[in-house]
Amino acid sequence: MSDHNLENKLRKDLGLVSALSLVVGMVLGAGAFMKPPAVLEVAGDYHYALLAWIIGGVFSICGGLTLCELGVMFPRTGGLLVYLEKIYGAKVSHLYGWMITVLFAPSLVGALVGYFSSVFCLLFQIDGAYRMAVSAGVLGFIAFVNAIGVKQAGYLQTIATVCKLIPILLLAIFGLWKGNGQVALFSASGQGIESSAPFAVAILATLFAYDGWAQVASVAGEIRNPAKILPKAIILGIIFLVIVYACINIALFKIFPVKEMVSLGHDASAVASQQMFGHLGGNLVAVGIMVSILGGINGYIMTLSRTIFSMGERGTIIGARYLSTIDDDSRSPVNAIIILVVFSFLYSALLDADRLSEISMFSIWVFYLLTFIGVIIARKKYPNIPRSYKVIGYPIIPIIAILGSVYVIYGMLINQTINGIASIILTLIGLPMYFYYDKKNKGVELALGEVKKYKVKTKYTIAIGVIAVIALLMGYGTIISK
């Protein structure tokens with residue numbers, strides 16, 4: 001079935017309100033609470049910190065508007081995995097899936113787990129030495145819920161989505177109202193700290209809070225009148241998020257001096273809620289923050305484990321038969337969930353949550369860059385495919401998205417060279433693996449989304465491969481943590 005015919009068979013039930021809810025619901029989460037101190041630390045000044053949040057929003061708007069053209073062209077489950085394969089071929093698509101499996105997914109989930117354990121230990125006054133135990137507990141809980149079934153995981157996601165709005169609104173509204181106002185936020189000479197990092201790193205830190213807009217492209221073929229609704233949903237949705245993030249940041253700026261906010265780090269939002277609402281009220285807000293982060297962990301484990309499962313189906317990854325197995329009772333990819341949870345715990349044990357979030361954003365934006373360029377390539381490669389949505393302001397919007405991607409990638413490579421290079425090398429390791437398994441599976445046609453029963457020689461091959469990857473990751477973590 002062609003992509004165009006598939007597009008015609010999809011039910012176009014999503015309107016503006018649904019599309020807006022999707023943008024805000026996917027994006028709004030842990031970054032709103034955890035990233036303001038990290039952005040401020042890198043920016044060095046309140047003014048630059050707010051500017052970083054605004055520019056991050058602009059990059060996300062341009063990226064979302066650009067990516068959705070491909071979503072309309074190729075309305076198939078898989079998102080970027082499909083777009084990259086259609087434009088660049090199976091090798092690049094495989095590298096993306098490999099990067100998601102060994103870098104983006106465990107780094108992102110590991111970062112969220114780190115943020116959760118930080119707030120949890122603060123709330124219950126637990127020594128920081130027990131954070132790993134808290135991380136293991138929350139990962140085990142989420143893995144258990146997802147292993148039971150996607151329906152139960154969906155219930156948890158719905159509860160977390162509703163709960164996360166409460167602490168966000170309380171922090172933004174009461175922080176602006178009850179903040180002491182001692183911070184000279186709009187003065188010519190703000191209170192600042194020394195920062196040697198490029199401004200691009202501050203923007204990269206905000207992109208963690210904006211991540212999620214790419215998921216809108218995956219349902220572009222199911223939106224009524226996408227030419228009108230898509231631009232409105234992305235622009236209005238992310239502008240709303242920019243305003244929310246700006247309000248939270250200004251509220252925190254009014255409560256804390258620069259150095260205190262930076263020193264509090266992940267705990268700044270929880271401490272701010274305790275100062276505004278007293279011990280009990282602050283603790284309730286902190287619980288809301290934890291539920292919000294829990295929802296993020298659940299959402300990403302639920303969705304990213306499916307990408308890992310898809311890589312197993314393709315048969316070009318170590319342990320493909322194991323990863324492509326679906327549990328008979330729950331009909332969930334339990335093995336893929338287990339692998340993601342184990343690697344996430346390992347990452348969270350090796351690296352700080354902020355470092356993990358930056359690595360995850362760096363790795364995914366490299367492929368966002370390829371996808372943005374791919375929109376221009378697709379105009380020439382697939383000129384006859386009907387497009388019910390074309391990116392507005394073409395080619396200006398895609399060019400802004402491309403330049404924004406290059407800028408944040410440059411900032412990461414300049415400021416954290418070893419992190420950046422190690423991430424690229426870890427991604428490129430997937431290439432020889434692709435050639436090996438592609439040759440091994442030669443002659444077997446595998447359609448995207450088709451379940452494949454891949455047979456490995458022995459269980460020891462899988463064990464040795466997993467041990468080798470874990471050893472590589474541990475060495476990688478040891479090097480960059482020095």
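Predicted model: local features only at pLDDT ≥ 70, side-chain atom pairs only at ≥ 80, totals over all residues.
The protein chain has 482 residues, of which 55% count as buried. Its secondary structure consists of 19 helices and zero strands. Among contacts between residues at least 6 apart in sequence, 83% join residues at least 24 apart.

The largest nonpolar core holds 144 residues, and the members that touch the most others are Tyr245, Ile297 and Trp365. Helix α6, which spans residues 90–123, supplies the largest share of this core, namely 19 residues. For Trp365, once its neighbours within four places in sequence are set aside, the contacts are with Phe59, Leu207, Trp213, Phe372, Ser405, Val408 and Ile409.

Helix α4 and helix α5 pack at an angle of about 80°, with their axes 10 Å apart. Because angles from 65 to 115 degrees count as roughly perpendicular, α4 is roughly perpendicular to α5. The table sets out the residues on each side of this contact.

| Helix | Residue range | Residues making the contact |
|---|---|---|
| α4 | residues 46–73 | Leu67, Leu70 and Gly71 |
| α5 | residues 80–88 | Leu80, Tyr83 and Ile87 |

Sorted by class, the contact of α4 with α5 has five nonpolar residues, one polar residue and no charged residues.

Methods:
Residues numbered from 1 in each chain as written. Heavy atoms only, no water. Core = buried A, V, L, I, M, F, W, Y, C linked by side-chain atoms within 4.5 Å. Buried < 20%, exposed > 50% of the residue type's maximum accessible area, 1.4 Å probe, protein only. Helix = DSSP H or I, 4+ residues; strand = E, 2+ residues; numbered from the N terminus. Contact = heavy atoms within 4.5 Å. Axes fitted to C-alpha atoms, helices over the stretch in contact; angles between N-to-C directions. Parallel < 35°, antiparallel > 145°, perpendicular 65-115°, else oblique. Nonpolar A, V, L, I, M, F, W, Y, C, P; charged D, E, K, R; others polar.
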